[in-house]
Amino acid sequence: MACILHIETSTNACSVAVSEDGQCIYEETQHGEKGAGAEQLGRMVDEALSFTDSHAIPFDGVAVSCGPGSYTGLRIGVSMAKGICYGRDLKLIAVPTLELMCVPVLLRETIQEEHALLCPMIDARRMEVYSALYDRTLKEVRPVGADVVTEETYKQWLDERPIYFFGNGAKKCMEIIKHPNAHYIDGIEPLAKWMMPLAEKRFLNEQFEDVAYFVPFYLKDFVAIKAKPLL
C-alpha cells in the first residue's frame, strides 16, 4: 500500500486528506462560495505535509480531483498537486470528481437493486448539470457530460432501471424528474477522503499522469469548444 495526499477543489467544499495503507490518517475541509474554498488550500496542504513530516511518514503520491467542477477551483487544486509532485518527486494521480462522489453512496447507503445506476451531479448554470452514469461496480454506463435537465434527460435509462441522483446538482432535478425509478440522496459532496480507494487502485495499477502536461480532462474539451468558431 501507499501514503497518498488527496486534494479536492471542484466545488465550494475544498478538502485535503492523507491516507496510509488504506486508512485516512489526516483530513480537513473548508467551505466557501463556488471555488472560493480553494483559497485556503495552501495552508491546508502545508498542515497536512507538516503532519506527515512530523510523523516521519514518506509520501508516495498525490491524488487530485480532475473535474468536472469549478474552473478556478480545479486549476488551483491541480497546480498545487503538480507543485508538490515536482518538489518531492512524487507520482501524480487523477481521480474523476463524479466517480469519487459515488464512493460515499456505495459505502453508506443501502441500495437494494443490483442493476441500479448511480448519477452524481455537479451544479453548473441555470438548469444545467455535469453528470455521468455508473453501475454499482463504478463501470461507466454513460460518460461525463453537461446536461440540460428536463423530464426526458435520463428517461431512456429510467425506463429500464432505478437511478439514484445525488450531489448539489440533483436539487434541480427533484421537481422536474419524477419518474418512479428516480431516487434522490441528500448530503453527498466530493471530498478528499472519498478519493482514497480510487486513488490507491490507480496507484497499484501504476495509472499515473504526466506532471508536466496534465490538466483536468474536461478542461481540454472546454478549451476546444471555446476555440471553435461560431457558425
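Predicted model: local features only at pLDDT ≥ 70, side-chain atom pairs only at ≥ 80, totals over all residues.
**D135 and its surroundings**

- You'll find D135 in the loop that connects β7 (128-134) with β8 (140-148).
- Its side chain makes a polar contact of 2.7 Å with the side chain of T137.
- Setting aside neighbours within four places in sequence, D135 touches A116, L117, L118 and V141.

**Strand β1**

- Strand β1 covers residues 3-8, and six of its six residues are buried, so the rest of the structure largely encloses it.
- C3, L5 and I7 point one way from β1, while I4, H6 and E8 point the other way, and all are buried.
- On the antiparallel side of things, β1 is joined by six bridges to β2 (residues 13-20), with I4 standing opposite S19.
- A hairpin of four residues takes the chain from β1 to β2.
- β1 also runs parallel to β4 (residues 61-65), with four bridges between them, and here L5 stands opposite V62.

**Salt bridges**

- Side chains of opposite charge can pair when their charged atoms come close.
- R202 and E99 meet through their side chains in a salt bridge of 3.2 Å, N to O.
- That pair links distant parts of the chain, 103 residues apart: R202 sits in helix α5 (residues 196-204) and E99 in helix α3 (residues 97-108).
- R202 is buried, with a relative accessible area of 13%, and E99 is buried too, at 12%.
- R142 pairs with D147 in a salt bridge, and their closest N and O atoms are 2.9 Å apart.
- Both partners count as buried: R142 has a relative accessible area of 13% and D147 comes in at 11%.
- K155 and D159 form another salt bridge, with 2.8 Å between the closest N and O atoms.
- Here K155 is partly exposed at 32% relative accessibility, and D159 is partly exposed at 45%.
- Elsewhere, E28, R43 and E47 belong to one network, joined by salt bridges that share partners.

How values were computed
Residues numbered from 1 in each chain as written. Heavy atoms only, no water. Helix = DSSP H or I, 4+ residues; strand = E, 2+ residues; numbered from the N terminus. Polar contact = N/O pair within 3.5 Å; in protein donor to acceptor, adjacent residues only side chain to side chain. Contact = heavy atoms within 4.5 Å. Buried < 20%, exposed > 50% of the residue type's maximum accessible area, 1.4 Å probe, protein only. Pairing = 2+ DSSP bridges. Salt bridge = Lys/Arg side-chain N within 4 Å of Asp/Glu carboxyl O.
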